[in-house]
Amino acid sequence: DAVSVLAHATLAEAQLAAGGAPEPTRDALLAAAGGPGLTRMERAYRPRWYEVLARAELGCGDVDGATRWASLAQDTAEPAIPGRRVEALRAAAAVALADGRARDAAHAAHEAAATAAHASLPVEAGRARLLEGQALRAAGAREAATTALEAAARELRAHGAARLADQAARELRLLGRRVGRAAPSAAVTVLTPREAEVAELVAAGCTNRQIAGRLFLSEKTVERHLSNIFTKLEVPSRAAVAARFEALRQDAARAAR
């Protein structure tokens with residue numbers, strides 16, 4: 001039934017965001033939604049899930065596969081529903097960025113952010129601004145990237161999207177901007193600085209390959225750090241690391257207040 005399909009699809013999206021393996025997450029979403037045509041989903045909502053599938057495919061390193069999902073998102077996005085157009089544009093931007101077309105990615109993400117803002121969808125606008133900032137940084141437009149990322153961080157933080165706001169803050173640090181960090185909990189201080197960086201990126205939904213690229217490490221080194229993190233935080237999985245870090249951030253925010 002429609003409710004069960006939506007529940008399974010939402011679970012798959014959450015698992016992807018929590019750092020779950022992208023290939024089984026993609027397969028679970030497709031199984032729930034009725035295959036590549038997403039026949040069990042209402043047509044009006046399909047662009048949302050095609051965007052998720054594109055992100056999962058990029059996590060697998062398959063840009064061609066992600067391009068196909070992004071194209072389907074564009075084909076099924078109804079002009080009268082701004083949120084669906086935003087999702088299709090973000091999918092196109094993510095694919096362009098992964099394909100080395102940073103300027104095209106920035107343009108699509110900027111259009112997505114403007115469409116979301118006009119439709120009073122602040123979190124969706126913040127997500128698009130974050131992607132725009134990443135694309136602009138990749139294109140070497142540091143000042144424009146900083147402006148987009150600062151706007152994303154403000155909007156996302158103001159509307160409770162803490163994980164995404166933290167991701168925007170990390171991108172700003174890569175540009176050399178000083179961005180405040182939440183006070184570390186005692187449980188986090190057992191990690192080395194490098195382990196804390198890896199754990200933070202796991203909590204942000206990054207794959208081992210993405211973490212290795214961000215921190216200029218080998219994937220084998222990332223795996224070793226993850227093993228230490230699991231032991232020190234006494235957690236069994238990436239999803240548990242993400243959940244633990246979110247809880248620690250909330251504890252730190254309450255303590256700061």
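Which side chain makes a polar contact with the side chain of Glu200? The partner is the side chain of Arg170, at 3.3 Å; a polar contact here is a pair of N or O atoms within 3.5 Å, where within protein one must be able to donate a hydrogen and the other to accept it, and residues adjacent in sequence count only if both atoms are side-chain atoms. Please keep in mind that this is a predicted model, in which local features need pLDDT of at least 70 and side-chain atom pairs count only at pLDDT 80 or more, while totals for chains, interfaces and linings use all residues. Residues are numbered from 1 along each chain as its sequence is written, and side-chain values use heavy atoms, with hydrogens and water left out.

**Confidence**

- The average pLDDT of the chain is 88, and 93% of the residues score at least 70; pLDDT is the predictor's confidence in each residue, from 0 to 100.
- Residues 182-187 have a pLDDT below 50, and this stretch has seven contacts in the model beyond near neighbours in sequence; contact means heavy atoms within 4.5 Å.
- Where pLDDT is low, the predicted coordinates should not be read in detail.

**Overall fold**

- The chain has 13 helices and zero strands; helices (H or I, at least four residues) and strands (E, at least two) are DSSP runs, numbered from the N terminus.
- With a radius of gyration of 18 Å, close to the 18 Å that the globule rule gives for 257 residues, the chain is as compact as a globular protein of that length. That radius is taken over C-alpha atoms, and the globule rule is 2.2 Å times the number of residues to the power 0.38.
- Along its principal axes, the C-alpha trace spans about 50 × 40 × 35 Å.
- Of the 257 residues in the chain, 47% are buried; buried means under 20% relative accessible area, exposed over 50%, and partly exposed in between (1.4 Å probe, protein chains only).
- Among contacts with a separation of 6 or more, 59% join residues 24 or more positions apart.

**Nonpolar cores**

- The largest nonpolar core holds 23 residues, and those with the most contacts inside it are Leu29, Leu38, Met41, Trp49, Tyr50, Leu53 and Trp69. Such a core is a set of buried Ala, Val, Leu, Ile, Met, Phe, Trp, Tyr and Cys residues joined through side-chain atoms within 4.5 Å.
- Two or more residues of this core come from each of helix H1 (2-17), helix H2 (22-33), helix H3 (46-59), helix H4 (63-76) and helix H5 (82-98), with H3 giving the largest share, six residues.
- Leaving aside neighbours within four places in sequence, Leu38 is in contact with Leu30, Ala33, Arg46, Trp49, Tyr50 and Leu53.
- Another core, of 22 residues, lies apart from it and includes Ala196, Leu201, Ala203 and Val235.

**Thr25 in helix H2**

- Thr25 lies in helix H2 and is buried, with a relative accessible area of 6%.
- Not counting residues up to four places away in sequence, Thr25 touches Ala12, Gln15, Leu16 and Gly20.
- A polar atom of the Thr25 side chain lies 2.8 Å from the backbone oxygen of Ala21.
- The C-alpha atoms of Thr25 and Val52 are separated by 9.8 Å, although the two are 27 residues apart along the chain.

- Glu200 belongs to helix H10 (residues 193-203) and is buried, at a relative accessible area of 14%.
- Arg173 sits in helix H9 (residues 162-174) and counts as partly exposed, at 21% relative accessibility.

**Positive phi in two loops**

- Ser120, in the loop between helix H6 (102-118) and helix H7 (122-138), has a positive phi of about 60 degrees although it is not a glycine. Ser120 is exposed, with a relative accessible area of 60%.
- Glu234, in the loop between helix H12 (219-233) and helix H13 (238-256), has a positive phi near 55 degrees. Glu234 is exposed as well, at 71%.
- Most residues other than glycine have a negative phi.

**Cysteines**

- The structure has zero disulfides; a disulfide is a pair of cysteine sulfur atoms within 2.5 Å.
- The sulfur of Cys60 is 15 Å from the closest cysteine sulfur, in Cys206, which is too far for a bond.
- Cys60 is partly exposed, with a relative accessible area of 26%, whereas Cys206 is buried, at 6%.
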